[in-house]
Amino acid sequence: MTPAESEECYAFASFHLFPNQRALVRGGEVMSVGSRAFDMLLLLVERAGKVVSISDFMQHVWTDITVEEANLRVQVGSIRKVLSRCDEAKRAIETIPLRGYCFVLPVVHTPGRRIEPPRPASGFPASIPALLSEPVGRDDVIAVVEDALRRRRLVTITGPGGIGKTTVAIATATRIADSFDGPVVFVDLTSASDYATAAQRVSEELGLEPSPDPFAALSAFLCDRSTLLILDTCEHIVEPAALLVEQLLQRCAELHVLVTSREALRAAGEWTHRLASLTFPEAGQMIDPGKPTSYSAIELFLDRLSAATRYEVDGQEWRMVAEICRRLDGIPLALEFAAARVADLGVQSVARHLDDRFAILTRGRRTALPRHHTLAAALDWSFGLLSTDEQRLLGLLATHDGPFTVETAVDCGQQAGCDRPLEALSGLYEKSLLSVHSRDDPPTFRLMDTIRAYVVSRQAA
Ligand SMILES: Nc1ncnc2c1ncn2[C@@H]1O[C@H](COP(=O)(O)OP(=O)(O)OP(=O)(O)O)[C@@H](O)[C@H]1O
Ligand SMILES: [Mg+2]
């Protein structure tokens, strides 16, 4: 029999221990462990976190003969040697003076069912969603993220709602897929609400059969397969997602993970890319009607406009197009909404109504995610994830004109009644609701126009 036919499994660090098979497996390789050593290891793992005394070993392992304690120490030494092939498991067995030994690593036990290796229910459905059109203005970013993913195992794209994180992740994954030595699997975590449902979603996308312990099944499946997982939309479950990702990366040496989230996971080894807006002309800067697409926000706006209608921008309207792109902060989602409205209201009218943008930017694609149906919904999603302190601080910062320093923000926080204004400021930055305006000394921060307008409209409501 091979470990694949085993029914029961204990998983710890990068090892899987199969009691029925009497096999200890790591990365698909069966470790060489003597029979007594195996029984000792099994007893230790079954009682992980508890002290196993010398007499326990005598009772369970050497049922037929009496042995010296020295022999027992030799066996423990041989187990430690095998486990030390994995850094995390080097100190898995602690000696408890005068009492015995204790297995100190976390162990996931899957009783009485087959998990190694789990079989995809319906073949391997490796899938990356297709983009409806080529991303505009993101070639450099895609190259940076691609390079990061080749050198690191955990890369996160952060940025405000609708800025294009998922788009960049999909474009990067599509580019990598041909040369990546293994499947590339996209998992939308929007509907996950905790660790278990996140693990379940990943499991589903891998095509694994439902399991009472999806994590054990997942790590068993991924432990010896080179795989790129794209975990899309994690900001509402940052803590459980961080835990899941860290544990998977620890157990699965060939796994790479690309995350998109409005807030970084702050997981071990995470490399973060904060996605900037598409480019647009500064206030008062003229655009050359001959080369309007030298700004990526304008290029996207015109592309969506031409997809929606036959509309020729001319004369004065170029200035208004530039204004729309600037006041919508070069956020692709907002630009798509605006272009859709130009088709019926015209450029001038859309530009004129930008103060009331949440009333007009309401026509998302019917097939889009619910949080992309309106511009307000995209921001509601972020606002709902803020603490009370962060909401209060944001409310006051929205009334502040222009960029501000940390000191100003802390003053605002105190006025707004925040318990911990500095933490609230960091929280807003981490959740992509503030951007750095200048890195001078002292540095200054700013609110995007769209976020300011959103907060003001909430206050007015
Ligand atoms: N570079 C781009 N070129 C063309 N369209 C883009 C680009 N970036 C984003 N879009 C479009 O903008 C919309 C929002 O993009 P996307 O879903 O990638 O944003 P997001 O940052 O992942 O949002 P969320 O935070 O809500 O998950 C989508 O309809 C997408 O097609
Ligand atoms: Mg997204």
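Me: How do the residues of the shell around ligand 1 divide into nonpolar, polar and charged?
Reply: This is a predicted model, in which local features need pLDDT of at least 70 and side-chain atom pairs count only at pLDDT 80 or more, while totals for chains, interfaces and linings use all residues. Residues are numbered from 1 along each chain as its sequence is written, chains are lettered from A and ligands numbered from 1 in the order in which they are written, and side-chain values use heavy atoms, with hydrogens and water left out. Ala, Val, Leu, Ile, Met, Phe, Trp, Tyr, Cys and Pro count as nonpolar, Asp, Glu, Lys and Arg as charged, and the others, Gly among them, as polar. On that basis the shell holds 7 nonpolar, 6 polar and 7 charged residues.

Me: How many residues surround ligand 1?
Reply: A residue is near a molecule if one of its heavy atoms lies within 4 Å of it. Val-136, Lys-165, Thr-167, Arg-262 and His-372 are the closest, and the number of residues surrounding ligand 1 is 20.

Me: Which side chain has an N or O atom 2.8 Å from a nitrogen atom of ligand 1?
Reply: A polar contact is a pair of N or O atoms within 3.5 Å; within protein, one must be able to donate a hydrogen and the other to accept it, and residues adjacent in sequence count only if both atoms are side-chain atoms. Val-136 places a backbone N or O atom 2.8 Å from a nitrogen atom of the ligand, and Ile-163 places a backbone N or O atom 3.3 Å from an oxygen atom of ligand 1. The side chain asked for belongs to Arg-304.

Me: Which elements give two or more residues to the shell around ligand 1?
Reply: Helices (H or I, at least four residues) and strands (E, at least two) are DSSP runs, numbered from the N terminus. The elements in question are α5 (165-177), α9 (296-308) and α11 (332-345).

Me: Why is one side of β14 and of β15 left without a neighbour in the sheet?
Reply: Two strands pair if DSSP finds at least two bridges between them. The open sheet has 3 strands in the order β14-β16-β15, with antiparallel pairing. β14 (404-405) and β15 therefore lack a neighbour on one side, as each has a single partner strand and stands at the edge.

Me: Which residues does the cis peptide bond with omega of about -5° join?
Reply: A hairpin joins β15 to β16 through 5 residues. Pro-442 lies in the loop between these strands. The cis bond joins Asp-441 and Pro-442.
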